[in-house]
Amino acid sequence: MTRLLAMAGYVYQSAAAIILIFAISHLLPAADYTNFSLALASSQLLCVLMFEWLQLAGLRFLAAAKENEAARLRWSLLVASLSSAGALVLVGSCASLTSVLPTGIVALGLGISVLQGLTDLYFLSVRLSDRLGIASFLLAFRATALLTAAAAGAAISGTAEAALLGVAAGHMLGLLAGLVAYRTPLERASLQTMLADWKDFSRYGMLAAGASVIHLSVPVLLRVIVIGRLGATGAGAGFSIALDLLQRPFWVLNAAIHTVNYPEVVNDFEHGTGTKSLQSARRMFEFMICTTLVLLGGLVGFIPDAARILVPRESLDGFLATAPAIAAFYFLHTHLQATIAVVPHLEKLATRLVLVAAGQLALVVALSLVAVSAGLSPRAAVGCASLATLATILVALGPTLRFEAFPRWSLVMQALVAAILIGSLGSMPTEPAAWLAGKIMIAALATAIIAWRGDFLMLARRG
């Protein structure tokens with residue numbers, strides 16, 4: 001039950017983030033919202049650049065560590081994170097001298113980066129101390145604090161500075177709540193030992209983080225290429241909305257499954273028998289492949305209904321024209337970044353992760369440019385990006401095939417049939433409301449059957 005609640009916590013956290021953006025966009029004037037959005041996006045990027053390598057290293061090394069070793073590794077992570085925070089503040093302060101944003105907004109953006117990075121690392125440490133329930137509660141608490149504090153700041157003052165101060169306060173409350181809820185054991189290490197740990201962290205974590213950054217840049221460059229052809233039109237706005245909106249469901253599902261199951265996979269790989277390691281990895285692969293297939297079907301099946309409610313009229317045609325292709329692209333992109341990378345992460349083949357990410361980026365950019373230059377539609381350009389991603393997956397399959405943790409293909413085919421069934425519901429009318437209710441019931445029944453056939457509810461509950 002704890003693992004089910006953890007997955008629900010990730011969904012809640014994502015929903016709170018979406019609500020926060022909608023709320024702030026309504027509470028702030030356009031100019032202030034632009035500054036808020038730019039500062040928040042910049043702080044997220046800085047957080048990834050400065051702390052992602054430590055999170056990846058912590059997840060890989062702490063998950064397999066014994067208690068005494070884990071306490072020492074936590075100390076090394078703590079000191080490294082404080083050093084990264086100090087470097088971020090120093091370099092960011094110098095770089096801010098050339099920024100077009102007001103000094104107060106820049107300072108708040110740097111503070112948010114530091115607080116988010118430290119809080120994420122502490123929550124990870126709590127999770128890997130076998131406190132999944134506490135970590136899930138802390139994630140939900142922080143999401144609530146961020147939403148409440150940022151919205152209150154924007155409503156009271158109506159400025160970007162106040163909203164950003166609320167975001168910083170939300171992260172601070174989350175960190176304080178974490179320190180109160182559970183104090184992770186630490187064991188002070190000598191400088192020589194810390195340097196050895198940092199060498200291991202950086203050798204694996206920096207390369208793995210580099211691969212993550214490259215993967216993150218693929219949709220960004222795809223957007224630049226397609227929007228460069230469409231321009232600031234309704235079709236371009238619809239394409240951008242689809243690109244922004246359809247990434248999050250796959251990211252949330254992938255993050256939830258990894259948070260719940262990946263530490264067990266790492267521990268079995270390092271300390272279990274070969275058979276146990278294969279079984280835990282196979283179950284995780286089945287979980288990821290089948291659930292994302294059903295999710296893809298759900299996005300395709302219900303995109304028309306959601307678009308009529310949420311998407312502005314002038315952007316609706318562009319959204320509907322490209323959304324199914326973008327959903328398929330993100331399905332492949334998620335599996336290249338997450339599923340195909342599991343075994344290289346287990347075997348610490350970080351250089352391979354970077355090469356695979358760079359290969360995908362090069363292929364996506366090349367094929368998308370060819371499609372745009374040939375005058376093809378945005379949907380065709382996204383299709384080319386999907387083909388490039390699929391080709392990269394096939395090339396990168398080697399370590400996964402050698403590991404032989406093959407999912408049950410009969411189960412995968414059942415999930416594919418369910419996804420096709422749910423996706424076909426998009427052609428059905430949604431009015432009157434009884435039709436929409438019927439579509440939802442059919443989709444829910446198909447999803448429940450796959451969850452039961454794959455034993456995914458029990459998999460999420462296993463401890």
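Which residues in α4 meet which residues in α6? The legends below take up that contact and several other sites in this predicted model.

**Close-up 1. Helix α4 against helix α6.** Helix α4 covers residues 103–127. From α4, the contact takes in I105, L108, I112, L115, Q116, L118, T119, Y122 and F123. They meet A160, E161, L164, L165, V167, A168, H171, M172, G174, L175, G178 and L179 in α6. By type, the residues of this contact divide into 15 nonpolar, 5 polar and 1 charged. The axes of α4 and α6 are 9 Å apart. The angle between them is about 20°, so the two helices are roughly parallel. The crossing of α4 past α6 is left-handed.

**Close-up 2. Helix α5 against helix α6.** Helix α5 spans residues 132–157. With α6 it packs at an angle of about 155°. The pair is therefore roughly antiparallel. The axes lie 7 Å apart. Here the crossing is right-handed. On the α5 side, the contact is made by I134, L138, F141, R142, A145, L146, A149, A150, G153, A154 and S157. On the α6 side, the partners are A162, A163, G166, V167, A169, G170, H171, L173, G174, A177, G178 and A181. The contact residues of α5 with α6 comprise 15 nonpolar, 7 polar and 1 charged.

**Close-up 3. H171 in helix α6.** H171 belongs to α6, which runs over residues 160–181. Is H171 buried or exposed? H171 is buried, because its relative accessibility is 4% and the cut-off for buried is under 20%. Leaving aside residues up to four places away in sequence, H171 touches I112, L115, Q116, T119, R142 and L146. H171 is listed in the contact of α4 with α6. It is also listed in the contact of α5 with α6.

**Close-up 4. Two buried cysteines.** C47 is buried, at 5% relative accessible area. C290 is buried too, at 0%. How many disulfides does the structure hold? The count is 0.

**Close-up 5. L195 in helix α7.** L195 sits in helix α7, residues 191–230. Its relative accessible area is 46%, so L195 counts as partly exposed. Along the chain, L195 and L56 are 139 residues apart.

Close-up 6. K348 is not a glycine, yet its phi is positive, at about 60°. K348 is partly exposed, with 41% relative accessibility.

**Close-up 7. E404 in the loop between α15 and α16.** What is the phi of E404? It is positive, about 65°, although E404 is not a glycine. E404 is found between α15 (398–403) and α16 (409–424), in the loop. Is E404 buried or exposed? E404 is exposed, because its relative accessible area is 52% and exposed means over 50%.

Note on methods. Residues numbered from 1 in each chain as written. Predicted model: local features only at pLDDT ≥ 70, side-chain atom pairs only at ≥ 80, totals over all residues. Heavy atoms only, no water. Disulfide = S-S within 2.5 Å. Buried < 20%, exposed > 50% of the residue type's maximum accessible area, 1.4 Å probe, protein only. Helix = DSSP H or I, 4+ residues; strand = E, 2+ residues; numbered from the N terminus. Contact = heavy atoms within 4.5 Å. Axes fitted to C-alpha atoms, helices over the stretch in contact; angles between N-to-C directions. Parallel < 35°, antiparallel > 145°, perpendicular 65-115°, else oblique. Left-handed = near helix turned anticlockwise from the far one by under 90°. Nonpolar A, V, L, I, M, F, W, Y, C, P; charged D, E, K, R; others polar.
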